[in-house]
Amino acid sequence: MHETGDRVSAAAGPAASFPEPVLRLFGAEAINRLMAAPGFSAAVEAAAGNAVRLYDGSWIRNRLLNDRGRLLAVLLILDLHFTESGGTGVTGARLRREVVELDVCSAGRATAFLAALRFKRLLADMPQSGPRERRLMPTAALLQMQRERWNGMFAAIAHIDAPAAEAARVLPDELLFGPCTHAMADCFRRGLRVFAAAPELQDLAERDAGLVMLVSLITRDEPVSVSQLARQFHVSRAHVANVLQRAEALGFASSVPGLGGYRASPALMPVLMRFYAVIFLTFLTALRTQQPPVS
């Protein structure tokens, strides 16, 4: 049997609940080893805390693309700039083609997202970019923002693989945003989808701040009120109530009678473990591209 077939058909343990594209990319053994690591639960909680801490409540960007779409679109922009074009920028046409092929968003939303990034000075025109083919480059502000976001993920991964996390933290920009970013983008081009292992989260993730509100529940020891979440994530109380009611219907959140608040239900953590397992494996796969070969 071919190696790919072995990686898929041999799925047992936690890996048995993962879909074929994830098994094909990472293998059942790697999934089971990751989820059995003593620090895996702590890594999930740390990643959730990082997502909450770094949440960008931009009204404009959140309505152009959902949280998942924004993060993947930025990853593709970095890859197209640093690797495909060799640092000569990315055109709107090229990004639109990529996001449509990967089912991230429509071409129109990609155009609007690029305009928002330019407005926020996270993208700039390449020097000597021609008027007939405007090429855009990430600014230092975008790179700093991305590195800060990823450093939080590396801190979470440190609970599982401390040496890999420390090596990642000190990678220079040309390696982090070049080969590492390309390896992550390549996972998505090969069929990986963010919610492949946790499709139950998809509905909530399509709502403004829906996913980050949900993961914030596992970072709290006490119930949280609708008003608290509305203030924290810059959305209306009605929207928060709608999201939490949907989360409760899905079995991920529990309302607390008499307090008007919500807490995570026991079913939430197992789903988030599958969700973050895919993200951790994507990062670890990318980081291994920078490990020196064994002599």
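Select serine 255 and tyrosine 262: serine 255 stands opposite tyrosine 262 in strand E6. Strands (E, at least two residues) and helices (H or I, at least four residues) are DSSP runs, numbered from the N terminus. The model is a predicted one, in which local features need pLDDT of at least 70 and side-chain atom pairs count only at pLDDT 80 or more, while totals for chains, interfaces and linings use all residues. Residues are numbered from 1 along each chain as its sequence is written, and side-chain values use heavy atoms, with hydrogens and water left out.

**The sheet**

Two strands are said to pair if DSSP finds at least two bridges between them. Serine 254 has arginine 263 in E6 as its bridge partner.

Strands of a sheet pair through backbone hydrogen bonds, either parallel or antiparallel.

**Serine 265**

Is serine 265 buried or exposed? Serine 265 is buried, with a relative accessible area of 9%; buried means under 20% relative accessible area, exposed over 50%, and partly exposed in between (1.4 Å probe, protein chains only). Setting aside neighbours within four places in sequence, select Gly251, Phe252, Ala253 and Ser254, with which serine 265 is in contact. Contact means heavy atoms within 4.5 Å.

**Helix H11**

Methionine 184 is the next stop, in helix H11. Methionine 184 counts as buried at 5% relative accessibility. Apart from neighbours within four places in sequence, methionine 184 is in contact with Leu75, Trp150, Thr282, Phe283 and Ala286. Select leucine 76 as well: its C-alpha atom and that of methionine 184 are separated by 9.3 Å, and the two residues are 108 residues apart along the chain.

Two cysteines can be picked here: cysteine 180 is buried, with a relative accessible area of 1%, and cysteine 187 is buried, with a relative accessible area of 3%. How many disulfides are there? The count comes to zero disulfides, a disulfide being a pair of cysteine sulfur atoms within 2.5 Å.

**The largest cavity**

Select Leu71, Arg149, Met153, Phe275 and Ile279. Among the 30 residues that line the largest cavity, these lie nearest its centre. The elements giving two or more residues to that lining are helix H4 (40-53), helix H6 (67-84), helix H9 (140-157), helix H11 (173-189), helix H13 (210-216) and H16. The largest cavity has a volume of about 670 Å³. Coloured by class, its lining has 21 nonpolar, three polar and six charged residues. Ala, Val, Leu, Ile, Met, Phe, Trp, Tyr, Cys and Pro count as nonpolar, Asp, Glu, Lys and Arg as charged, and the others, Gly among them, as polar. The whole structure has three cavities of 30 Å³ or more.

On a 1 Å grid over the protein atoms alone, a cavity is a set of points where a 1.4 Å probe fits but cannot get out; a pocket is an open set with protein on both sides within 12 Å along at least five of seven lines, and lining residues have an atom within 4 Å of a point. Grid points are joined across faces, edges and corners, and a volume is the space filled by probe spheres set on the points.

**The largest pocket**

Select Phe26, Ala30, Arg33, Leu34, Ala37, Ile160, Asp161, Leu281, Leu284, Thr285 and Arg288, which line the largest pocket. About 190 Å³ of space lies in this pocket. Helix H3 (28-36) and helix H16 (268-287) each supply at least two residues of the lining. By class, the lining has seven nonpolar, one polar and three charged residues.

**Two positive phi values**

Most residues other than glycine have a negative phi. Select aspartate 103, in the loop between helix H7 (92-101) and helix H8 (107-119). Aspartate 103 has a positive phi of about 60° although it is not a glycine, and it counts as exposed at 60% relative accessibility.

End at histidine 234, in the loop between helix H14 (226-233) and helix H15 (237-249). Phi of histidine 234 is positive, near 60°, and histidine 234 is exposed, with a relative accessible area of 54%.
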